[in-house]
Amino acid sequence: MSITATPHKDDLPATSLSSVPTSQTKLPLALKVGYTAFMAVLVPYYWVEYGPTNFLYFCDIALFLTLIAVWTERPLFASMAAVGITIPQFLWQVDFLGNLINLPVTGMTDYMFNEEISLLARGLSFFHFWLPILLIGIVLKLGYDHRALWSWTLVAWAAMLVSYFYLPAPGDALEFVNQPRNVNYVYGMSPDAPQHFMPAWAWLSTMLVGLPAVVYLPTHSLLRWVAGNENRNA
């Protein structure tokens, strides 16, 4: 009768041990849970207060892309959101900090200091300040996916075309008080009146071409440089 000894784990070949799959996450669970909890509050509040069309704003689309990114840890989703909102939200940050010292730059954050707006609404809206910082941190952690430029551009084009052809323009009658007009500024920079510098179609065309060229492409180049060689397609 022969007895075959069971090999000790230390006697197994190194290749055998290295082939055992391990589950590793690059983003902390606290971030995943905390961000999800934030979205669980923001989404229903915005849906009731502003309606579903509010989620077509670029910054709101970025919120959902970030949610996907923190759970899947795929660089593309965080990279897309970062390409789309880093520069616009930087302007928001500058204006907010300016308002703190009574030196607003653009006036775009004046509502954050309007006491007639609830603290909850203003607190949720503060994501405009911290979201781009979070996205850059995620990109540095996961790497930058160079497909983000065109992927985000296609999403932005779709959002702008829907906003132009199907959503209320400046001055249009609204179904309820807080329904957004002129989503993504496809009729000009004011929610109250369209721009008159050029025909409406020319403004839209300028947005469709200008945002990728002037905003998204420079951000893409900057993120590629900041992330170094961490360009990933995953």
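At 11% relative accessibility, Phe55 lands in the buried class (buried is under 20% relative accessible area, exposed over 50% and partly exposed in between, using a 1.4 Å probe and protein chains only). This is a predicted model, so local features need pLDDT of at least 70 and side-chain atom pairs count only at pLDDT 80 or more, while totals for chains, interfaces and linings use all residues. Residues are numbered from 1 along each chain as its sequence is written, and side-chain values use heavy atoms, with hydrogens and water left out.

Rings of Phe, Tyr and Trp (its six-membered ring) pair if their centres lie within 6.5 Å; planes under 30 degrees apart are stacked, over 60 edge-to-face, the rest tilted. That rule gives 18 aromatic pairs. Take Trp47 and Phe55: the ring centres sit 6.2 Å apart with planes at 35 degrees, so this pair is tilted. Elsewhere, ring pairs join Trp92, Phe96, Phe113, Phe126 and Phe129 into a cluster.

## Helix α2, inside and out

Helices here are DSSP runs (H or I, at least four residues), numbered from the N terminus. Helix α2 covers residues 29-50, and its buried residues are Lys32, Tyr35, Phe38, Met39, Leu42 and Tyr46. Looking down the axis of α2, these fall within an arc of 135 degrees (taken from the directions from the helix axis to the C-beta atoms), so they line one face of the helix.

Turned away from that buried side, α2 shows the exposed residues Leu29, Ala30, Ala40 and Val48. Just after the helix, Gly51 adopts a positive phi of about 90 degrees.

Key:
Helices (H or I, at least four residues) and strands (E, at least two) are DSSP runs, numbered from the N terminus. The expected span of a helix is 1.5 Å times one less than its number of residues.
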